[in-house]
Amino acid sequence: MTTRRPKRRVSIRARVLSGMILLVGFALTASGTASYVLERHELNERLDDSLTRTVEEFRVLAETGVDPQTRQGFAHAEDLLYTAMQRTLPARFQGMLGLSADQLQWTAPSSVELRLEDDPEFLEWARTSSTDEHVRIANVETEMSDYRAVVVPIQLSSDPNPARFVLAYDYSAEVRRIDTQFAVFIGVGIVVMLLAGGAAYLIVGRMLEPIRKLRDTAQQISESDQSSRIEVSGHDEFAELTATINEMLDRLEEALNSQRQLLDDVGHELRTPVTIIRGHLELMDIADAEDVAQTKDISLDELKRMSMLINDLMTLAGANRADFVTSKPTDVGALLDDILDKARALGDRDWRIGNRAEVSVALDPTRITQAMLQLIANAVKFSAAGSRIDLGSAVLDDQQGRPTLRLWVHDAGVGIAQEDLERIFERFGRGQNSDRASGSGLGLNIVSAIATSHGGMVWVDSVPGSGSTFYIDIPLAEGAHAV
């Protein structure tokens, strides 16, 4: 079945950048809008507070002030108005007027930008505003602008002519100032977003570099070349991911090589019996009963060996499964006795138990029995009738000081050449003394798989002509104890 590759849509880099820009944009928009609304909300309060403070200063001047000319209290409203306007310094976007008998009497100094007298509508409003004694703060809308203004009536008991002090803010200018600040904020925000987007583009690209290398490496890997790996750089999560993927590629390469080697070995091993059977059948004389019987025996023998090979291959195929071994507390001494009872049927030998470890450990007794009987079968195969074969078990400390269960089979047979000690545990590996027709070539490989599944190993110590000792070492758990 052909696996369809997904259509390429938006890259991870683009999605991350889009998300970051949208997030930054949302944050800037939310903060800017909240600031703008807050500024507009506080504008009237700020202007009214300023106008109220000016009115309070004017009231204090009227009650306690002294006319600079007479050095006494103010006797005329115009004098008080003139003195107050001299002492008042309008702020930006603020202007003032002085009216006497509803006529414009004084204006703000020329340095003041806001010229209220230039707005006829505002001037008319100031003339016609209430003449009672109450201070009046109001919004004034004209064609020229909008104002926030206060009118302070001046009426002295010693002067029948009233006066008015008018102070106003250009409300439209204040709003424009806030709008300008918000526009600057928006402009700066856009620049910040662009700079952040550019920086994020480079940073995200660097962060996603291992992913790109992984994609390129995966595209380079083929059935004939699995050697490509990703260069590990840095010490972050992506570096850990890269190292993990390289380890996975190592395992895949090893598995593919092992599978290829298995197919080659199986093909080689099966080709021989098939060739033998086919050759005898082709040359068989069906008129010769003896030749037919001989061909039948040879064919059945080769088929039996092929069946044994297939069974062993199935055992090895299951060695990678998690349920290949089922560990449970096992009395090693009783297990060794049981193995010895089964071994007696394999040949006429002097069977002995050289050493017995009376411990209970967690292992799979069925698989350990299978491995030990395979080692015993090899010992019988390469030793003389009546010779001694020793079985044994012991608890030892390995090189790291950890307790290890050691099982062994010792024979007095022909031994193994030094150059064959490692090869005999490989798949279809045989020593120089081995007879190809006597087995599948997978027995010791199965023993190695069983030992490995227990977390241990199998090894051999042999001297040609003096016999061999096969060992199975299994690390013990903390729960191992004597029985």
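Me: What share of the contacts in the chain with a separation of 6 or more comes from residues 24 or more positions apart?
Reply: This is a predicted model, in which local features need pLDDT of at least 70 and side-chain atom pairs count only at pLDDT 80 or more, while totals for chains, interfaces and linings use all residues. Residues are numbered from 1 along each chain as its sequence is written, and side-chain values use heavy atoms, with hydrogens and water left out. Taking contact to mean heavy atoms within 4.5 Å, the share for residues 24 or more positions apart is 63%.

Me: How many helices and strands are there in the chain, and what percentage of its residues count as buried?
Reply: Helices (H or I, at least four residues) and strands (E, at least two) are DSSP runs numbered from the N terminus, and the chain has 10 helices and 13 strands. Buried means under 20% relative accessible area, exposed over 50% and partly exposed in between, with a 1.4 Å probe and protein chains only. Of the 483 residues, the part that counts as buried is 37%.

Me: How many aromatic pairs are there, and how is the pair of Y82 and W106 classed?
Reply: Rings of Phe, Tyr and Trp (its six-membered ring) pair if their centres lie within 6.5 Å, and planes under 30 degrees apart count as stacked, over 60 as edge-to-face and the rest as tilted. By this rule there are 7 aromatic pairs. For Y82 and W106, the centres are 5.5 Å apart and the planes are at 50 degrees, so the pair is classed as tilted.

Me: Which strands does the pair of W408 and Y471 tie together?
Reply: W408 and Y471 form a tilted pair, at 6.5 Å centre to centre and 55 degrees between the planes. W408 is buried at a relative accessible area of 16%, and Y471 is buried at 16%. Because W408 and Y471 lie in strands whose paired residues are 63 residues apart in sequence, the pair ties together β10 (residues 403-411) and β12 (residues 467-475).

Me: Which residue lies over the face of Y471?
Reply: A charge sits over a ring if NZ of Lys or CZ of Arg is within 6 Å of the ring centre and within 35 degrees of the ring normal. At 5.3 Å from the ring centre of Y471, the residue over its face is R406.

Me: Where do the buried residues of helix α8 fall when seen down its axis?
Reply: Helix α8 (residues 332-343) has 12 residues and reaches 16 Å from its first C-alpha to its last, close to the 16 Å expected at 1.5 Å a residue, where the expected span is 1.5 Å times one less than the number of residues. Its buried residues include V332, L336 and L340, and the buried residues of α8 pack against several elements, among them β6 (328-331) and α9 (365-381). Going by the directions from the helix axis to the C-beta atoms, the buried residues of α8 fall within an arc of 160 degrees, so they line one face of the helix.

Me: Which residue has a side-chain oxygen that reaches the backbone nitrogen of T366 at the start of α9?
Reply: The 17 residues of α9 should span 24 Å at 1.5 Å a residue, which agrees with end C-alpha atoms 24 Å apart. At the start of α9, the side-chain oxygen within 3.1 Å of the backbone nitrogen of T366 belongs to D364.

Me: With which side chain does the side chain of T142 make a polar contact?
Reply: T142 is found in the loop between β3 (136-141) and β4 (146-156), and T142 is buried, with a relative accessible area of 12%. A polar contact is a pair of N or O atoms within 3.5 Å; within protein, one must be able to donate a hydrogen and the other to accept it, and residues adjacent in sequence count only if both atoms are side-chain atoms. The backbone oxygen of S145 lies 2.8 Å from a polar atom of the T142 side chain. The side chain that T142 contacts, at 2.7 Å, is that of D119.
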